[in-house]
Amino acid sequence: MPNHKIAKTISCVRDFQNQNPGKSIGFVPTMGYLHEGHLSLVKRAVKENDLVIVSIFVNPKQFNQGNDFINYPRSVKTDLELLSQYPIDLVFMPENNEIYPTDFSSKVKVDKITDYLEGHFRPGHFEGVTTVLAKLFNIARPHRAYFGQKDAQQLIVIKKMVADLNFDIEIIACPTIREKNGLAMSSRNARLSANERDEAKILFQALMKGKESILKGERNSGKIEALIEKTIQESHSAEIEYVSLNDAVNLAPLTEIQGEILISLAVNFGEVRLIDNILLKT
Ligand code: AMP
């Protein structure tokens with residue numbers, strides 16, 4: 001079984017880099033509780049780089065509700081076991097005060113595209129994401145960083161931050177990995193009851209209905225959103241936060257379907273908030 005090193009401090013990551021000059025580094029940032037979705041990013045990073053760094057850090061700044069942070073699932077032992085199956089080189093697992101010392105006082109904020117969707121419903125969320133990623137990028141100094149299409153808006157926001165702030169990093173988008181029934185894999189799925197987990201498959205089915213309707217020629221986004229919402233409401237446990245059709249590049253909400261579009265949704269099952277999306281070209 002391949003052995004990876006564990007770094008708990010930034011200076012350990014620096015030592016690792018100093019011992020490995022001139023090698024390409026692939027970076028996979030995660031919040032742990034790893035599943036096949038995360039591992040698909042790891043596999044791709046292994047394929048495309050000399051060295052791979054995976055980080056596990058549950059970033060308090062990106063949780064807009066305190067309970068969500070406290071309830072976020074964690075399992076470092078299983079995560080390390082899963083990662084040991086891959087030839088990765090370093091796992092960066094910092095404590096909170098390594099990333100945010102008590103006098104920490106900076107933030108990174110991407111405007112405009114964060115006004116929509118998750119940014120609208122989770123105020124402050126993306127500021128937390130971009131702040132921690134700016135730090136993690138400066139710590140890991142990767143050539144390539146890998147992100148899942150599952151968090152579609154996050155991917156767009158990160159690409160914008162990297163372009164705006166001239167990070168010399170290639171952002172690689174990886175497809176959403178799903179359970180057999182279509183449910184997008186997520187660390188949060190572990191908090192669903194067996195019944196909710198089964199009902200949550202409706203999200204992908206609803207997205208597929210929306211896609212079908214567009215492929216059949218429907219161009220009115222209100223009608224498509226209504227169709228998706230009606231499908232989700234067939235599940236008794238589902239509480240819809242939003243269903244939205246947006247331009248896939250600038251995330252502007254659409255009334256008329258045109259070009260490359262993102263259909264995305266956020267739905268609560270009990271206390272668990274799930275998101276999913278598909279991309280579509282018309
Ligand atoms: P997280 O641990 O939730 O912060 O996710 C870490 C990375 O894994 C992010 O880039 C996510 O988009 C990605 N990811 C999470 N779930 C999936 C999935 N089902 N398929 C592909 N990538 C995923």
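Reply: Start with a helix pair: α1 and α7 pack at an angle of about 40 degrees, with their axes 9 Å apart. That angle makes α1 oblique to α7. Two remarks on the basis: this is a predicted model, where local features need pLDDT of at least 70, side-chain atom pairs count only at pLDDT 80 or more, and totals for chains, interfaces and linings use all residues. Residues are numbered from 1 along each chain as its sequence is written, and side-chain values use heavy atoms, with hydrogens and water left out.

Me: What do helix, axis and oblique stand for here?

Reply: Helices (H or I, at least four residues) and strands (E, at least two) are DSSP runs, numbered from the N terminus. Axes are lines fitted to C-alpha atoms, for helices over the stretch in contact, and angles run from 0 to 180 degrees between N-to-C directions. Under 35 degrees counts as roughly parallel, over 145 as roughly antiparallel, 65 to 115 as roughly perpendicular, and the rest as oblique.

Me: Which residues of α1 meet α7?

Reply: Contact means heavy atoms within 4.5 Å. From α1 come I10, V13, R14 and Q17; from α7 come N138, I139 and A140. The residues of this contact of α1 with α7 divide into four nonpolar, two polar and one charged. Here Ala, Val, Leu, Ile, Met, Phe, Trp, Tyr, Cys and Pro count as nonpolar, Asp, Glu, Lys and Arg as charged, and the others, Gly among them, as polar.

Me: Take V13. Is V13 buried or exposed?

Reply: Buried means under 20% relative accessible area, exposed over 50%, and partly exposed in between (1.4 Å probe, protein chains only). V13 sits in helix α1, residues 10-19. Its relative accessible area is 1%, so V13 is buried. Leaving aside neighbours within four places in sequence, V13 is in contact with A7, L90, F92, I139 and A140. V13 and I139 are 126 residues apart in sequence, yet 7.2 Å apart in space, C-alpha to C-alpha.

Me: How does α7 pack with α8?

Reply: Helix α7 (residues 125-140) and α8 pack at about 50 degrees, with axes 11 Å apart. The two are therefore oblique to each other. Their crossing is right-handed. A crossing is left-handed if the near helix is turned anticlockwise from the far one by less than a right angle, and right-handed if clockwise. F126, V129, T130, L133, A134 and F137 in α7 meet Q153, Q154, V157, I158, M161 and V162 in α8. The contact of α7 with α8 holds nine nonpolar residues, three polar and no charged.

Me: At what angle do α10 and α11 pack?

Reply: Helix α10 (residues 202-215) and helix α11 (residues 221-232) pack at about 150 degrees, with axes 9 Å apart. They are therefore roughly antiparallel. α10 passes α11 in a right-handed crossing. On the α10 side are I202, L203, A206, K209, G210, S213 and I214; on the α11 side are I224, L227, I228, T231 and I232. The contact of α10 with α11 has eight nonpolar, three polar and one charged.

Me: How do I read one face of a helix?

Reply: An α-helix has 3.6 residues a turn, so residues three or four places apart point the same way. In helix α4 (residues 76-83), the buried residues are D79, L80 and L83. They cover an arc of only 95 degrees around the axis, so they lie on the same side of α4. The arc is that of the directions from the helix axis to the C-beta atoms. The buried residues of α4 pack against β1 (5-7), α2 (36-48), β3 (51-56) and β4 (90-92).

Me: Which residues does L39 contact, beyond its neighbours within four places in sequence?

Reply: L39 is in contact with L82, L83 and Y86. L39 is in helix α2 and is buried, at 2% relative accessible area.
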